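Here are my notes on the model, point by point. Please read them with the structure open.

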Amino acid sequence: MKDNPSRPFYLVPYYLWIALFVIAPITLIFYFSFLDLTGAFTLENYQNFFSSVYLRMTLSSFWYAFLITLITILIAYPTAYWLTKTKHKQLWLLLIIIPSWINLLLKAYAFIGIFGLYGPANKLLQTLGAGPWQILFTDFSFIFVSVYIFIPFMVLPIFNSLDKINPALIDASRDLGASSFTTFRRVIFPLAINGVKSGVQAVFIPALSLFVITRLIAGNKVITLGTAIEQQFLVTQNWGMGSTIAMFLILFMIIIMMLTGQKEKGGSYNGKTK
Amino acid sequence: MKEIVRAAIAILLVSAILLYAVNALEKSSATTDGGTISVYNWGEYIDPELIDQFEAETNISVIYETFDSNESMMTKIEQGGTTYDVAMPSEYAIEKMKENDLLHPIDHELIPNLENIDPYFLDLPFDPGNEYSIPYFWGTVGIAFNPTLLEGQTFESWDDLWNPTLEQEVILVDSAREVIGMGLNSLGYSLNSTDLGELREATDKLKTMGPNVKAIIGDEIVEMMRREEAAVAVTWSGQAADMMWINEDIDYVVPKEGSNLWFDNMIIPKTAGNVEGAHAFINFMLDPEVAAQNADYVGYSTPNEQAVALMDPEVTGDERFYPPEELRERLEVYENLGLEMLGTYNELFLEFKMDMEN
């Protein structure tokens with residue numbers, strides 16, 4: 001590869017792409033974040049962000065994103081583990097991935113029906129002797145639907161890293177007298193940790209900026225950074241403040257990427273060091 | 001690699017077929033020779049049959065598109081690249097568009113049907129002399145409620161929404177001016193208030209309503225009320241009419257402290273490509289029979305006097321949707337408060353939403 005003279009040429013589209021669709025938009029957002037309503041330079045937006053409303057919103061965004069990510073891991077990890085043990089791995093994996101191809105709005109509207117007062121969820125509760133409960137427009141429904149939406153994005157990387165583990169290592173651990181729990185803790189878990197990290201990146205960051213679900217499923221009683229950005233751009237038409245919130249969102253993403261980042265190159269999906 | 005190439009070819013093929021189909025469809029609809037106009041309207045805000053009728057009568061073909069908020073409509077027109085010939089914004093949006101020089105003046109000579117409009121709806125402060133806009137529909141903001149779900153409870157005042165029996169029953173429309181305006185009205189202040197003290201007081205009062213609020217949503221309100229998922233909603237009169245059309249138990253009231261009176265109007269954007277066709281369309285919509293048919297379909301109140309005369313008196317005599325002039329006295333029209341004030345309203349609205357989380 002190193003000696004290939006045409007290499008710089010192949011990189012042109014890549015650099016162009018990065019410049020046009022990554023660097024240029026971020027620069028624009030950065031620039032807009034210093035403009036006030038009249039288009040004059042100001043630092044007020046940043047000052048505004050540290051007011052109590054936006055700080056509380058940021059904290060609650062983080063809290064919900066944290067809960068969503070945690071529950072997703074708790075569900076996705078055993079699922080991925082079990083998948084590696086099944087006969088028709090690829091078929092099961094496909095079945096888990098297919099729902100993620102369906103449009104988010106469509107899924108949200110489906111849940112409005114399912115969680116409604118007269119929907120199937122409440123019918124089931126009633127036959128069990130409970131309810132009807134107000135399920136829609138609660139914290140519970142918001143977290144439930146978000147977790148449902150994000151599960152495939154967590155299962156996939158964890159499955160990939162678990163699947164790549166050489167079974168000989170597990171056998172060796174057993175032969176040397178380790179219990180199942182110790183094998184998991186000392187062998188499987190460390191080897192698959194990179195899959196979990198990738199999964200966290202794929203779930204936590206989008207969860208910070210969810211905004212369709214906050215309205216349709218949580219009835220706007222949960223406010224995320226995404227909702228605030230949408231409001232600033234479309235309703236208030238204060239692009240400066242919207243950009244400022246977006247800047248902080250980008251900043252949080254960078255921090256999370258750094259915290260969950262992997263040192264070894266190319267190991268992000270298979271969890272194996274080269 | 002082979003598979004990627006195959007997939008790419010498949011995508012290109014499908015795209016080509018679709019492109020061809022779109023072109024073919026556009027050609028077949030553009031066989032008329034009177035030119036084309038594009039109309040940009042709110043969703044569910046016209047009887048589609050009328051578009052066909054207009055095309056048949058004038059040989060002008062119509063491209064019809066919809067928007068869901070004044071703000072997104074303005075943003076789209078402002079950014080250019082579009083040639084909408086007629087749009088239907090609300091009054092405060094018209095004021096703003098006038099300020100930004102986005103409107104084409106309307107030639108009243110080309111709109112003889114203007115005489116059908118009730119003079120009450122002409123020459124309003126947001127557009128003196130109707131230089132840029134022609135009334136389309138009007139309505140109010142109020143409370144839609146379902147007495148069968150509330151043991152017969154009724155509503156007269158905004159304060160009734162604070163009643164502790166309504167825990168988790170009230171849906172609010174997701175719009176800062178409506179909700180903050182309701183808080184202001186309930187305290188007896190103007191819903192155009194720019195007094196920060198009054199706004200603060202209104203927001204604090206709204207926060208105490210938190211336990212009663214079920215959700216703050218948009219067009220989904222209609223479905224929620226129809227299916228009796230919710231018992232009370234603060235919403236626009238036309239949405240209430242939509243709900244009542246399906247679920248006859250629902251009632252609508254404009255609270256006695258006052259509320260918002262709004263007007264949607266037809267305008268011609270500066271970027272219009274077919275100004276003459278746009279005038280023809282506006283004139284057509286003001287025809288008494290057309291306006292009556294449209295009002296029957298849409299459910300909002302028409303400002304067209306001659307059309308009202310043609311409509312079912314049971315509908316037009318309903319004071320909930322056609323409040324007589326003396327009742328309109330206590331209603332207020334939104335004024336354009338400027339971007340900065342709108343920002344303040346939104347920030348307070350956000351604060352109110354944040355407060356409900358726990």
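1. I start with one residue pair. B:I171 has B:A215 of β6(B) as its bridge partner. Keep in mind that this is a predicted model.

2. That pair belongs to a strand pairing. Strand β5 of chain B covers residues 170–173 and runs parallel to β6(B). Four bridges join the two strands.

3. Is β6(B) buried or exposed? Strand β6 of chain B spans residues 213–217, and five of its five residues are buried. A residue counts as buried if 20 or more other C-beta atoms lie within 10 Å of its own. The strand is therefore largely enclosed by the rest of the structure.

4. Now chain B as a whole. Its fold holds 14 helices and 10 strands.

5. Burial and contacts in chain B come next. Of its 358 residues, 44% count as buried. Take the contacts between residues at least 6 apart in sequence: 76% of them join residues at least 24 apart.

6. Last, the contact between the chains. Chain A contributes 24 residues and chain B contributes 25 residues. On the chain A side, α3 (52–85), α10 (212–216) and α11 (225–236) each supply at least two residues. α11(A) gives the most, with five residues. By class, this side of chain A has 12 nonpolar, nine polar and three charged residues.

Key. Residues are numbered from 1 along each chain as its sequence is written. Chains are lettered from A and ligands numbered from 1 in the order in which they are written. This is a predicted model: local features need pLDDT of at least 70, side-chain atom pairs count only at pLDDT 80 or more; totals for chains, interfaces and linings use all residues. Two residues are in contact if their C-beta atoms, placed from the backbone, lie within 7 Å. Ala, Val, Leu, Ile, Met, Phe, Trp, Tyr, Cys and Pro count as nonpolar, Asp, Glu, Lys and Arg as charged, and the others, Gly among them, as polar. A residue is buried if 20 or more other C-beta atoms lie within 10 Å of its own, exposed if 12 or fewer, and partly exposed in between; C-beta atoms are placed from the backbone. Two strands pair if DSSP finds at least two bridges between them.
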